[in-house]
Amino acid sequence: MPLWLATIRVVSHALHVYLVDRAKLEAVVGSNNNKLLNRVLEGGPPWRRMLSRLIPPLGRQAEDSRRLSITFQISDQDGHVERNKAALRTIIAGGPFDEERAGNYVEALELICRQLGPYVGDATFWFGNDDLPFVIEDLATGMVGQPPFPKSERNGWGVMSKKSCTEELEYWEGKVAEDPDYSDGYGELVVEWLRASKAANKDLIGFWGG
């Protein structure tokens, strides 16, 4: 394997994007909503648990594509729940938040987002890419270190408001119409997410991990 390809694979990350209003997610913190907590701990509604048993993980297929699949979101859920049970309970209780578990809070928030709104897509990326759209960077890092959660060094999350999505949509549609490969091929993904936000009148919330 060429050295440059190995380097890209080492530093690449996966961004998962959801349609969830930020206010709705923030309202979960300290809500003591045990019904929601139990739903997350159980792996979601019955149809999702059934699919998680039937559909195998993507495995290496994810390494070869900028665009991933909802299969990842379903099949990977059990592992995320198991290692983040304490973080989930802490979020529902409203704290206290431990800096050593910063990464777990990010993963737990994603698990909660899976219950609050639809998942709209994935993208692989690496920090330092000059063609990385600000939309992807904001969705990956915009909320890192924002209270009440401590800063995580191994993952992150961000929000793009529905208002910003609507304002940016025309620009991105125009650029992609001129060049389908605009912004190193990320343009089409960005347009898809912005359109979904406008249609649903909801914010975009993203999460990235290694």
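This is a predicted model: local features need pLDDT of at least 70, side-chain atom pairs count only at pLDDT 80 or more; totals for chains, interfaces and linings use all residues.
## Helix H10 against helix H11

On the H10 side they are Lys162, Cys165, Thr166, Glu168, Leu169, Trp172, Glu173 and Val176. On the H11 side they are Gly187, Glu188, Val190, Val191, Leu194, Arg195, Ser197 and Lys198. By class, this contact of H10 with H11 has seven nonpolar, three polar and six charged residues.

Two packed helices are described by the angle between their axes and the distance between the axes. H10 covers residues 162-178, and H11 covers residues 187-200. Their axes come within 8 Å and cross at roughly 140°. H10 is therefore oblique to H11. The crossing of H10 past H11 is left-handed.

## Helix H7 against helix H8

The axis of H7, residues 85-93, comes within 8 Å of the axis of H8, and the two cross at roughly 75°. That angle makes H7 roughly perpendicular to H8, because angles of 65 to 115 degrees count as such. H7 brings Ala87, Leu88, Thr90 and Ile91 to the contact. H8 brings Asn104, Tyr105, Ala108, Leu109, Leu111 and Ile112. Eight of the contact residues of H7 and H8 are nonpolar, two are polar and none is charged.

## The cavity

How many cavities of 30 Å³ or more are there? The count comes to one. The largest cavity holds about 60 Å³ of space. Its lining has 14 residues, and Val106, Val144, Gly145, Pro150 and Trp157 lie nearest the centre.

Helix H8 (102-116) and strand S3 (156-160) each supply at least two residues of this lining. H8 gives the most, with three. By class, the lining has eight nonpolar, five polar and one charged residues.

Most residues other than glycine have a negative phi, and most peptide bonds are trans.

Gly95 and Pro96 are joined by a cis peptide bond, with omega about 0°. Pro96 lies in the loop between H7 and H8. Another cis peptide bond joins Pro147 and Pro148, with omega about 10°. Pro148 sits in the loop between helix H9 (134-141) and S3.

Where is Asp184 placed? Asp184 is in the loop between H10 and H11. Asp184 is not a glycine, yet its phi is positive, at about 60°.

Definitions and conventions:
Residues are numbered from 1 along each chain as its sequence is written. Side-chain values use heavy atoms; hydrogens and water are left out. On a 1 Å grid over the protein atoms alone, a cavity is a set of points where a 1.4 Å probe fits but cannot get out, and a pocket is an open set with protein on both sides within 12 Å along at least five of seven lines; lining residues have an atom within 4 Å of a point. Grid points are joined across faces, edges and corners, and a volume is the space filled by probe spheres set on the points. Helices (H or I, at least four residues) and strands (E, at least two) are DSSP runs, numbered from the N terminus. Ala, Val, Leu, Ile, Met, Phe, Trp, Tyr, Cys and Pro count as nonpolar, Asp, Glu, Lys and Arg as charged, and the others, Gly among them, as polar. Axes are lines fitted to C-alpha atoms, for helices over the stretch in contact, and angles run from 0 to 180 degrees between N-to-C directions. Angles under 35 degrees count as roughly parallel, over 145 as roughly antiparallel, 65 to 115 as roughly perpendicular and the rest as oblique. A crossing is left-handed if the near helix is turned anticlockwise from the far one by less than a right angle, and right-handed if clockwise. Contact means heavy atoms within 4.5 Å.
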